[in-house]
Amino acid sequence: MRRARMGYCHWGAAEFRAVLSGWTGRAADAPERLTQRLAALGYGDVRLVNRGKTGLVLAFQVMKAAAPERRKVLVPAYCCPAVPHAVREAGLDPVSVPVGDDLNLDLAALPGWLARDVLAVVAVHMYGARLDVDAVAGLARPHGIRVVDDAAHVLGDSMGTRGDFGLLSFDQSKTLTGGMPNGGGALLVNAPEFRPAVTSAWEALPDAPLRRRHHAWFAYGFVLDPLPRFLPNYGARFVRPVARWCEARNNKRSHIPDTAAAALLAQLERLGDIRAARTRICGWYADALPNGARMPQYAPGAYRTRMIVTWDGGATTKDVQERLIGAGISVRAPYRAWSDDAAAMLGSQLDRMIELPGNIRLREADVRRIAAELARAIA
Ligand SMILES: Cc1ncc(COP(=O)(O)O)c(C=O)c1O
């Protein structure tokens, strides 16, 4: 493979056909069918929305109405910025809490943050690495604190089904992808007492408009994933006016678009294959990595949505990013710290960390080539 692409999604002809069926009005029942499919997979009370963030805002609003005196939500110091944004959109204050080497909430540190003004803790399975949500709930519940089982990155292993609410996301770079932005998400209402309030809030959401330009943007930026050599990060890759146009509408909460639901139904057929491929790729990386590099989330035989690598030594994330992109290998830097407190907690943890391609079409030889290039970059 001359170029190793990131693998933001696994779209093929079936997904494009599904989007076309949405454009021509033949996918109107797709959201209903997807709800049923997810329920059959064990996800219980599923409310499909345009993106995971919408689901989080609904959950926070409903929890806030039930305990208005509690204003804070605990969010891992290492997290997608959409999570603290959702907390703020619900009129609450995100508070960062420490994470361990595996980038998940540090359970040993959590008790120090549990206070009377805390409404909820967002328990994220970062990149699919399991967090013990029952242990989080065991610590939080005696304080009257709610738990969101945030499985945005992973579909499977019953992640998202614990806690008061669960969350799935289907935007780019997740296990399954319905598009981007507004590729879909699911709020899972695990605590029955919240069901009536969520039902009203969910029913009040508008339907998602059809956005052909979103699809064009998504196909260009994430499906074709073009030219890693010339356009180094995905922020810079988009045709800027289109990106701005999409972003401006990205924040509107709605139901899931029919096109996204249809694409997800097509992709669900391949869920097992996608997970198996990524699990294999993760193992290949673990075997091939040079001395001094490691995968902090690796567990033999476990699925990971993204291939995160850290290393010792002088080369920084930026150095390695430039070197690998120069060699035709798409890479991505970690999330930035979402607040000053989060940055202080993370310290230098992100200075030597990068995401390597997890494209399901990679072969073992490709992974070895990427690892060899990484070895040169960190030497
Ligand atoms: C842990 C986590 N929760 C929630 C979200 C929000 O999902 P979406 O992008 O679908 O709004 C993300 C986004 O990547 C995430 O990483």
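By class, the residues that line the second largest pocket of this predicted model are nine nonpolar, four polar and four charged. The volume of this second largest pocket is about 340 Å³, and of its 17 lining residues those closest to the pocket centre are P31, D207, H255, I256 and D258. Two or more lining residues of the second largest pocket come from each of the elements α2 (30-43), β1 (46-49) and α10 (258-268).

The largest cavity holds about 60 Å³ of space, and its lining is made up of M6, G7, Y8, S173, R278, T305, R306, M307, R332, E355, L356 and G358. In terms of residue class, the lining of the largest cavity divides into four nonpolar, four polar and four charged residues.

An open sheet is formed by three strands, which follow one another in the order β8-β9-β10 with antiparallel pairing. Its edge strands, each of which pairs on one side only, are β8 (293-294) and β10 (353-356). Between β8 and β9 (residues 307-311) the antiparallel pairing extends over two bridges, and R294 stands opposite T310 of β9. Two residues within the range of β10, E355 and L356, also belong to the lining of the largest cavity, as does M307, which falls within the range of β9.

Which residues of the shell around the ligand are the closest to it? The shell comprises 16 residues, and the closest among them are R51, G52, D150, H153 and S169. Helix α3 (52-66), helix α4 (82-89) and strand β6 (165-169) each contribute at least two residues to this shell, and α3, with three residues, gives the most. Sorted by class, the shell around the ligand contains eight nonpolar, three polar and five charged residues.

| Residue | Distance to a ligand oxygen atom |
|---|---|
| H153 | 2.6 Å |
| S169 | 2.7 Å |
| Y335 | 3.5 Å |

How much of the area that the ligand exposes when taken alone does the protein bury? Taken alone, the ligand exposes 380 Å², and the protein buries 96% of that area. H153 and S169, whose side chains each place a polar atom by a ligand oxygen at the distances tabulated above, are also among the closest residues of the shell, and S169 lies within the range of β6, one of the elements that supply at least two shell residues.

Key. Residues numbered from 1 in each chain as written. Predicted model: local features only at pLDDT ≥ 70, side-chain atom pairs only at ≥ 80, totals over all residues. Heavy atoms only, no water. Near = heavy atom within 4 Å. Polar contact = N/O pair within 3.5 Å; in protein donor to acceptor, adjacent residues only side chain to side chain. Areas by Shrake-Rupley, 256 points an atom, 1.4 Å probe, with all protein chains shown as cover. Helix = DSSP H or I, 4+ residues; strand = E, 2+ residues; numbered from the N terminus. Nonpolar A, V, L, I, M, F, W, Y, C, P; charged D, E, K, R; others polar. Pairing = 2+ DSSP bridges. 1 Å grid on protein atoms, 1.4 Å probe; cavity = no way out; pocket = protein on both sides within 12 Å on 5 of 7 lines; lining within 4 Å. Points joined across faces, edges and corners; volume = space filled by probe spheres on them.
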